[in-house]
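Please report on the structure below. Keep it brief and organised by element.

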Amino acid sequence: MFSAILAIVRKDLLLIIRKPMFSIISLIVPLLFIIFYGLVIHTSSTNPIVIANHSEGPYTERFVDILQEIKSVDGSYLEIITLDSELAYEKYNNRQVDALLVIPESFEENLHAGKQAALKLKVFNINSDGTKNYQLRIDHALYEFHKNLNGDSFISINEDMTFIQDTPMKSYVSTGLLIFSVLLTSMVSTGTLMAREWEERTAKLIVLTPKGFLPLIVGKWMTALLVTVANTVLVLPLLYILLGYLIGQMNTLVWFYLLLFFFYGSAAGVLLGVLFKKTLPIVPISIVIAMSEFLVSSLESYIRGFAHGGMTEWLWRLGSWWPSSEIIDRIRFTVEDLEQIAINWGASFYMALWVGLLLTIALFKLNKQLSFTQGQ
Amino acid sequence: MKKWQAILAVHNRNMKILTRQKQMLIQPIIVPLVLLFLMVVVFGGGGDDWPVAIVNESNSLESQELMEAFKDSESNITPYFDFIEMNSYEAKKKGSEGRLHLFIKLPADFVENKNIELKTYNINSDAMKNVRLRVEHTLNDYMEKQGALKVTSQQVTAQPNDVWRSAFYGGSSVLLTLFLGSMIIAANLHAFDYENRTIKEITLTPTGSIMAGFGIILTSVFVSLILSLIPLTLSILFLHFDFYFYNTLLVYLSIVPILIGCAGIGLFLGAYFKQYRVLQPLIILIGIGTYIIGGGFAGVNMLMPLAREIADIWVFSVIFEWFNPVLHNFATSFSFSQCTFIFLAGVLGFLLTFIAYRFQIRKSIFGGQ
Amino acid sequence: MEKEFVVEFKKVDLIFNKNSKKEFKALEALDIKIKSGQIFCLLGPNGSGKTTTINLINGLLEPTNGDITVLGMKPSKSRKTVLQKISLVPQETALYNDLTARENLLFHARYYGVNRKYISERIDEVLGIVQLENRQNDRVGTFSGGMQRRLALARALLTEPEILLLDEPTLGVDVQSRNAIWEQIRTLASVGKTVILTTNYMEEAEELGEQVLIIDKGKPVGSGSPNELKRHIGQKQMIIHFTETRYAKQVYDDIAKDYDVTFKGNQLHVNTNALNNQFQLLQQLSKYEEHMNHIEYSEPNLQDVFLHFTGKELRD
């Protein structure tokens, strides 16, 4: 049994080395996805702006300081490209930036004299999201500014947070991306390794050895595990560099959960391979499954708060019913050091059951196909 | 005359292939639509209203006014809040379970202490930014009304109405269908010739293979123009997309040379890689990558510095950066330099066709097939 | 009949999708008896059920009715034991194109569980048998069809099977390779291996088959050694070629009353089975000598047998 498994692994690794193009593509796709995501995720935290400052004095200085300082755990709220008013106008008018904040000359005088000062925020409103984000950020700066003015009628906020600190969106998403790449790689590699035996028409002969196909499946899983580990080794530093993911916090439990996701992906891969027996449809289907897991399961704890009504609520209910979302949150909380949580037996068992089900269907399908090999 | 006949013959053949080999059309239809669907669902295609719980425990005129301020608080497109829960017990429960991110309480001593209480389910910074900043925005509004705000801000927008985020995604999806469509259809048709070994037959006709290339360009541009009507219609119907006839016509006419360029690139890639299984992921990746960092997901100006620099080098970003403003009526014409670039893109398309077929012929003669 | 039968089919039926609309009788009332060390040939047109029969022997399929024993066991029940003693060379050769010949064999030997100590030795040996030692380190993708078949044969021999199942072993192979494969099959039979092969080439059955079973549309239509089969339908004929058709006609009119003869253009075909005295006929013919080109004798071949049993309609 063991030597048969090893024979499969050796052979498949040799084939991968001989024709590496496909494996390289399947390694690169999750990496590119992470890079793309890493490049756009800043859009939700930091917005570029130019400031035309015509005013001078202590109030102005303090306000400009606040504009520069306001931030979330993800980083500054504003990326101030310039404070030079001439350059600011030029950049805004040439459409090199979508927002311009004008601090008028009267700003300092008015505040000094106890009068009301007015700012002007010019926005290229081609996307309502951007308009809203600039407006809210400037409001935040104003709120912070007034905090320090000690006005009697200033309304303060007391916040009671559920978790001791906010999880930065970057690392919140990173956990999802990590799961995405584990799932995608394990699914694509197991699926294509299986399908290839049919594409090269070698499956029948393997079945006709006294060893049967159990060593075949286990062998494919081992090869896929090696590929998935290689992929994870590439993904983790990328998550660390691009999104500041705290890879040092990953403990044994996290690795156990990742292994569970590997089994899930591989079981789905075996089933896809057995069902289609062709490489071509396996890749897009795996991408769809892994993407859905990323968008629905990995974002479940976020979506939960705004999924009230419509398609979003429907999707959320689907995600909350799935074991993945629970496990991904466990990984997240462990990595963020929010809670020290023991293994979640319920979700793990549910996941194991799911893996078992996928495999059973695959085995059933394999057995059934054997008796219908007429004329081949 | 003969040449036109040959191009049209190839075009007719291509149209038959495309209608019979439906999988060749699926990608340029599905990829932009799936991307559009995901963006709308995940990044909030609806308005800016955030579901929250709010409870007023203070029996005062002031707290009543603040409640009104919360109700009236709005972005340029919709209210900022959607009050899902007003019952204190339920609000607490939903807040701690994460079913709501924010529970706002105006406490009994609101008038004396000038303080409100927030209970947040701070699952991540993005949710918290959204709820906290909305609250501060509302408090500013309230204080302004009370005459307590020393500094106010007035927003001046480039156009009277904001383009809804969903409409922006919709417009980008139209542009993505156009350029991804023409590129991938050209590549697929070329690969079809290769995989079915009809390339030799075409090479040996007296009119020459280059006419087949022009036929493929014609088909690709024509089909992608038609396919793009799908996301356009969906955007108009469901995504708050304001349709400007003149602008849309201008976009459709002036993008043709760029589509010729893209089809030329598709042909070139087709000649180089030959097989569907390499071509398709490659071109889809180019398409999605351009969509994400080239101004499809959000204008390049909104991206982080590194992404902006990449977008500056990545020429495909002009498709979103130049055509989206026209589509949404932020511009009604193209500058001279833009026109020149667009013209050159078309020339490049023809040039690449020549190169692709040169390459092809040399390969197939030495390939011995 | 001292030798025991290594493979025996008794009234085997195989019905796919039984009791449904798509019910399809793949095999009907099939009786097969194969002796140890024999070369048994299943001859039939495309889609006649040859591969299905092979799949019944190796246990991939189970008969709907009837009994199958292979080496004294039921293959569908004791599949693993049976599989240890038989080897299949499938139609599609089932080789990995991106592995070398040796790597292909190495993989199979390891997966099959050939004793580690002897793997290398065995591989050298089987490569020798199929004469591929020189190409053992080349990738199979560069091999011709014939070489691939030989390699597949070598792979089947790795595990020292008692029974070899060859599914269309020379399909699409050039003459040289075909002869080599035939030679190798004969050698194997001579050392006591039982060889069961399917083919739709008459010459192959004629050349190799000690016992031939012709099946058509799942039914056995004829069996026996090639000679027996020929005798069964066979008439020997004397064919007389004339210089012109009119002379043939003239002779025909002359001898038709005495002999079983048919007139075919410038030829006359005389059935010699019923002929008591050839010399008498030759004497009669001698007066037409100047109008005759030559005389030939023809024996029926398996092609006639085959067409006799299966008819001439086209199979797809």
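The report covers the basis of the model, then a helix, a sheet and a pair of domains.

## Basis

This is a predicted model, in which local features need pLDDT of at least 70, side-chain atom pairs count only at pLDDT 80 or more, and totals for chains, interfaces and linings use all residues. Residues are numbered from 1 along each chain as its sequence is written, while chains are lettered from A and ligands numbered from 1 in the order in which they are written.

## Helix H3 of chain C

Helix H3 of chain C spans residues 101-112. Helices (H or I, at least four residues) and strands (E, at least two) are DSSP runs, numbered from the N terminus. From first C-alpha to last, H3(C) reaches 17 Å, close to the expected 16 Å; the expectation is 1.5 Å times one less than the number of residues. Just after H3(C), Gly113(C) has a positive phi of about 95°.

Of the 12 residues in H3(C), 10 are buried (20 or more other C-beta atoms within 10 Å of the residue's own, C-beta atoms being placed from the backbone). Among them are Leu105(C), Leu106(C) and Phe107(C).

## Sheet of chain C

Three strands form an open sheet in the order E2-E1-E4 (chain C), with antiparallel pairing. Strands pair if DSSP finds at least two bridges between them. E2 (24-35) and E4 (65-70) of chain C are the edge strands. Eight bridges join E1(C) (residues 5-16) to E2(C).

## Domains of chain A

Chain A divides into domain 1 (2-40 + 166-370) and domain 2 (45-149). These bounds come from an automatic or database domain assignment. Over C-alpha atoms, the two domain centres lie 45 Å apart.
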